[in-house]
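Visitor: I have a new model open and would like a quick tour. Can you walk me through it?

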Amino acid sequence: MRAAVSPIAPSRPARRAHLLPWAPLLTLAVMLGPVLAGLLGTLAPALGHMPALGGTGVSLAPFEQLFAWPGLPRAVALSLGVGFAATALSLALVTLICAGWAGTRTFGMIERLLSPLLSVPHAAAAFGLAFLIAPSGWIARALSPWASGWAQPPDLLILQDPAGLSLVFGLVTKEVPFLLLMTLAALTQVRPGQSLRVAQALGYARVSGWLKVIFPMIYRQIRLPVCAVLAFSMSVVDVAIILGPNTPPTLAVQVVRWMSDPDLTLRFQAAAGAVLQLGLVLLGLGLWRLMELAVARLGRLWIASGARGRRRGEQALRGGALVLGALAALAVIAGLAGQVVWSLAGLWQFPDFWPDAVTLRNWQRHGPRLSGPVTETLVIAGAATALALLLTLASLEAQHRHGLRPATRALWLLYLPLIVPQVAFLMGFQTLSIATGVDGGRAAVILAHLVFVLPYVFLSLSDPWRAWDGRQDTIARALGAGPDRVLWAVRLPMLLRPLLIAAAVGFAVSVGQYLPTLLVGAGRVATLTTEAVALAAGGDRRAIGVYALAQTAAAFAPFALAVLLPRVLWRNRKGMRDA
Amino acid sequence: MPEARGLRFEHVAISLGRARLIALDCTIGPGEVLTVMGPSGSGKSTLLAAITGTLDPVFAMTGRIRLDGRDLMRLPTEARRIGILFQDEYLFPHLSVGANLAFGLKPEVRGRAARRARIEAALAEVGLAGFAGRDPATLSGGQRARVALQRMLLAEPRALLLDEAFSKLDTGLRAQVRELVFDTARRRALPVLQVTHDHSDAAAAGGEVVVLG
């Protein structure tokens, strides 16, 4: 009775039906197109092909020049070392904090600190740290002269130390909150409470039990974020300009220097360096994979040994993790406080802990000049966030309406823009945007920001979107509402809080972008971030304080709105309070 | 064609891979109740999803479901005119009680005053006069159940599905709400299909009982 087979999927209104199913594909194209095209656009000049600068055909000369640079071995070693150290430290700290404290009241406090810490842009956090640890920074002032005997700032290379230690520390303060957030998301899916209780009932101490039972499940889910942290730490530019060593700098910073050099022939060398940076990141990811395998093997042996863990040692470990985590958070918070004080400081001589006078003069002097970069920052971030939200919602709704199921492999694609080093494709993206005539404009910068904003918006919205109870949909449809009305009148209002949070995340990501703004904007699009980082070399702490605070405020304000707005809108709706 | 009235299952079979979950060929007449019982996983909710048009594509279905003669299979959920009540009321938490009812009231009732009057009347009918401005989260379980029922009825469904609709209510309230629902369905001549694992629900419905699984 083949004839009796009836199609279950009811026919949908045809109006938008032929556009919406393409949304996921369009989203991928917008996100990955610039990455792939940019990589090709970098590879060509690296192999000597850049007709605009007189390079045609294929040659290895750019790589020969790159390898002839005496600073290369050190720059490469720095990139690898900083990347691995920052990633391993961040992961270890996050793991121990979760193993020691997940589910406790202390952990609840840590969770509440997370969003504000995450919203501080990398550059602002790095400046804050610099204000603290510099030889004339707050820590030295607090110890001088009574403990250190210093009447002058000591001649120590703490900041921008040649080994990159302050850079590692700066990265850890920002990557710990990020990894912690990702781990929290994984924890809500794994529901570790019961497994941990079973382990504890079998006599395992808390941390050992958590590491043996929960960690393997969690790590599987945070692998991509960890890879993103590794790739980012290896190739970061703005933080490395502020905190990293100078002679030589990390490879990524050197590539950007060559790219901004008035001598255009250095572009070939820069492209070769960008390709090498990509190779380094790939090598780093491969090495990390090997380390994963080794740790997994050791872990299996440790689990098979049945060791229960010693309570006293574990208490020390728990305490240590908490202290280090608090230190990382404190560094960011105290750094921001330092910026506030510097931005209001009159005369402030070295060993003094406080400035002689508090004045608004710095704000009066730099404030008027802020308005241009502020507007530029808000317009770019607003546009990139709006586009990212639109594409994300269209993709999620298309999946919902047309029963499309994203493959698990699709998640890799989402992380690709966060893993491919920015220098490696932005340079090509810049060349291509010159070729297509959108060079140096705000529109090109918005598109470049969208590449990085989209993954974050998608990642933060997709879980709450899918967690929404589908029976709400059935109920609303059974009451006669079509899919559009269900979306606008039921689903989006109910998901207002995660929507606003996703928007705030996207906005903060855009505000913090340094390299895409600098390279794609060809140096002509001035945002708070590019202006602040440009001040790094000058060392005028009052100006830096003003710009870094403005940058932090631009990133933080949307988070505050995202928390406050639902509270005001739903003040009479008890059921929406923790939704 | 008087025999065309009601909810009719024509050789309906639902399967998952090779396993056949449900086979049904019957008619629920206006005002009649069919109770489907079975343990969880026996496909009760799958049957309801097939009727509302929200069946997961992993299931394969053959046969035809008609409501008052209309073939439902080609219609989207919102055009099927099937009312459904779940164990949870699913009152939209962001809307007031009145706005929840307005969501159900069909747009053909025009004019703000006329719509408000219909909603007020629907609330008064179940002893909730003056509740339109309330936050649904502040209602008691029995009040929520009555609001959910009225919201559904304002959409003027032609059949009623009950998915364990009473299982969260405690015994006293349960009998009361159940009586209200079945009385209303009988008065409005709605065919009712309920799935439940509770025998008292089946007994209260009084109609035919099909056991799955």
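Predicted model: local features only at pLDDT ≥ 70, side-chain atom pairs only at ≥ 80, totals over all residues.

Visitor: Start with chain A. How many helices and strands does chain A have?

Guide: Chain A has 24 helices and 0 strands. Its radius of gyration is 25 Å, close to the 25 Å from the globule rule for 579 residues, so chain A is as compact as a globular protein of that length.

Visitor: What does the C-alpha trace of chain A span along its principal axes?

Guide: About 90 × 70 × 55 Å. Buried residues account for 46% of the 579 residues in chain A.

Visitor: And contacts in chain A between residues at least 6 apart in sequence: what share join residues at least 24 apart?

Guide: That share is 80% in chain A.

Visitor: Now some helix packing. At what angle do α2 and α15 of chain A cross?

Guide: Roughly 145°, with the axes coming within 8 Å. Helix α2(A) covers residues 23-46 and α15(A) covers 361-402. The crossing of α2(A) and α15(A) is left-handed.

Visitor: Which residues in α2(A) and α15(A) meet?

Guide: On the α2(A) side, Ala23(A), Pro24(A), Leu26(A), Thr27(A) and Val30(A). They meet Leu391(A), Ala394(A), Ser395(A), Ala398(A) and Gln399(A) in α15(A). By type, the contact of α2(A) with α15(A) has 7 nonpolar residues, 3 polar and no charged.

Visitor: I clicked on Ala381(A). Which helix is Ala381(A) found in?

Guide: Ala381(A) is in α15 of chain A.

Visitor: Is Ala381(A) buried or exposed?

Guide: Buried. The cut-off is 20 or more other C-beta atoms within 10 Å. Ala381(A) has 27, so it counts as buried.

Visitor: Leaving aside neighbours within four places in sequence, what is Ala381(A) in contact with?

Guide: Phe507(A), Ser510(A) and Val511(A). For another distance, take Lys212(A), 169 residues away along the chain: its C-alpha atom is separated from that of Ala381(A) by 42 Å.

Visitor: Over to chain B. How many helices and strands are there in chain B?

Guide: Chain B has 6 helices and 9 strands. A compact globule of 213 residues would have a radius of gyration near 17 Å, and chain B agrees, at 17 Å. Its C-alpha atoms fill a box of roughly 50 × 40 × 35 Å along the principal axes. Of its 213 residues, 43% count as buried.

Visitor: What is the strand order in the open sheet of chain B?

Guide: It runs β6-β7-β8-β3-β9, 5 strands with parallel pairing. The edges are β6 (82-86) and β9 (208-211) of chain B, each pairing on one side only. Neighbouring strands of this sheet are turned by 15° against each other on average, direction ignored.

Visitor: Which helix of chain B packs on that sheet?

Guide: Helix α1 (44-52) of chain B does, touching β3, β6, β7 and β8. Its direction makes about 150° with that of β7(B).

Visitor: Back to the strands. How many bridges join β3 to β8 in chain B?

Guide: There are 5, between β3 (33-37) and β8 (192-196). In that pairing, Leu34(B) stands opposite Leu193(B).

Visitor: Last topic, the contact between the chains. How many residues does the contact take from chain A and from chain B?

Guide: Chain A gives 30 residues and chain B gives 34. On the chain A side, α19 (470-478) and α20 (483-494) are the elements that give two or more residues. The largest share, 6 residues, comes from α19(A). This side of chain A divides into 16 nonpolar, 9 polar and 5 charged residues.

Note on methods:
Residues numbered from 1 in each chain as written. Chains lettered and ligands numbered in written order. Pairing = 2+ DSSP bridges. Helix = DSSP H or I, 4+ residues; strand = E, 2+ residues; numbered from the N terminus. Axes fitted to C-alpha atoms, helices over the stretch in contact; angles between N-to-C directions. Contact = placed C-beta atoms within 7 Å. Nonpolar A, V, L, I, M, F, W, Y, C, P; charged D, E, K, R; others polar. Left-handed = near helix turned anticlockwise from the far one by under 90°. Rg over C-alpha atoms; globule rule 2.2 N^0.38 Å. Buried ≥ 20, exposed ≤ 12 C-beta atoms within 10 Å, placed from the backbone.
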